[in-house]
Amino acid sequence: CGIVHSTHTALARALEQVCAEPNETYVLLDGGLTAPTQFQFQETIIKGDEKEPLIAAASVIAKVSRDRKMIRYAQEFNQYGFEKHKGYGTKKHYIALKKHGMCQLHRRSFLSSFLRGGVDK
C-alpha cells in the first residue's frame, strides 16, 4: 500500500471518527499532507509543527501515543528493546535485528539497506 496511501487513509478515518463536517471543518496539516477532497477548508503548512501551535501539539500527542504503543509491543517482542528505543534505528536496535531478524512490526521499506547488508551501526 505504501506510507502515503496509509497516511491518507488514517487521516480520512480520523476525520470520520471525530465527525468532522467537510463544509464546516478547517483542517490544518503538516508537510505534504492533504485531507480528503471534500474538506474544502484545509491548509498544508511546510514545517507546520514549527509554525503552528495546533500542529505542534498534535505532533507531540502522536509521538507520545506511538511511544506508548512501542512499549506495549515490547512485551510481545521483548528481544528488540522497543521499550528503550521506540523503534528508532539505534545501535542496539540494529544489533537486535542482526541477532533475531525482523518481526512483523518492522517496515521493510525503512530497512532496505539493512536487508542488503549495508547498515552497520
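**A guided reading of the predicted model**

G48 is buried, with a relative accessible area of 0%; buried means under 20% relative accessible area, exposed means over 50%, and partly exposed lies in between (1.4 Å probe, protein chains only). The structure is a predicted model, in which local features need pLDDT of at least 70 and side-chain atom pairs count only at pLDDT 80 or more, while totals for chains, interfaces and linings use all residues. Residues are numbered from 1 along each chain as its sequence is written, and side-chain values use heavy atoms, with hydrogens and water left out.

G48 belongs to helix α2, which covers residues 48-51; helices (H or I, at least four residues) and strands (E, at least two) are DSSP runs, numbered from the N terminus. Although G48 and D30 are 18 residues apart along the chain, their C-alpha atoms are separated by 4.8 Å. K47 is found in the loop between β2 (42-45) and α2. K47 has a positive phi, near 55°, in a residue other than glycine, and its relative accessibility of 49% makes K47 partly exposed. A positive phi of about 55° also occurs at C19, which is not a glycine. C19 sits in the loop between α1 and β1 and counts as exposed, at 61% relative accessibility.

The discussion now turns to the largest pocket. It holds about 1600 Å³ of space. Of the 39 residues in its lining, T7, A62, K63, S65 and R66 are the closest to the centre. On a 1 Å grid over the protein atoms alone, a cavity is a set of points where a 1.4 Å probe fits but cannot get out, whereas a pocket is an open set with protein on both sides within 12 Å along at least five of seven lines; lining residues have an atom within 4 Å of a point. Grid points are joined across faces, edges and corners, and a volume is the space filled by probe spheres set on the points.

Which elements each supply at least two residues of this lining? They are α1 (3-17), β1 (27-30), α3 (53-76) and α5 (91-100). Helix α3 gives the most, with 12 residues. By class, the lining has 26 nonpolar, eight polar and five charged residues; Ala, Val, Leu, Ile, Met, Phe, Trp, Tyr, Cys and Pro count as nonpolar, Asp, Glu, Lys and Arg as charged, and the others, Gly among them, as polar.

Side chains of opposite charge can pair when their charged atoms come close. The model has one salt bridge (a side-chain nitrogen of Lys or Arg within 4 Å of a carboxyl oxygen of Asp or Glu). K63 forms this bridge with D67, and their closest N and O atoms are 2.9 Å apart. Both residues lie in helix α3, four residues apart, about one turn of the helix. K63 is partly exposed at 40% relative accessibility, whereas D67 is buried at 15%.

The aromatic rings come next. There is one aromatic pair. Y80 and F82 form this stacked pair, with 5.4 Å centre to centre and 20° between the planes. Rings of Phe, Tyr and Trp (its six-membered ring) pair if their centres lie within 6.5 Å; planes under 30 degrees apart count as stacked, over 60 as edge-to-face and the rest as tilted. Both Y80 and F82 are buried. R66 lies over the face of Y88, at 5.0 Å from the ring centre; the rule asks for NZ of Lys or CZ of Arg within 6 Å of the ring centre and within 35 degrees of the ring normal.
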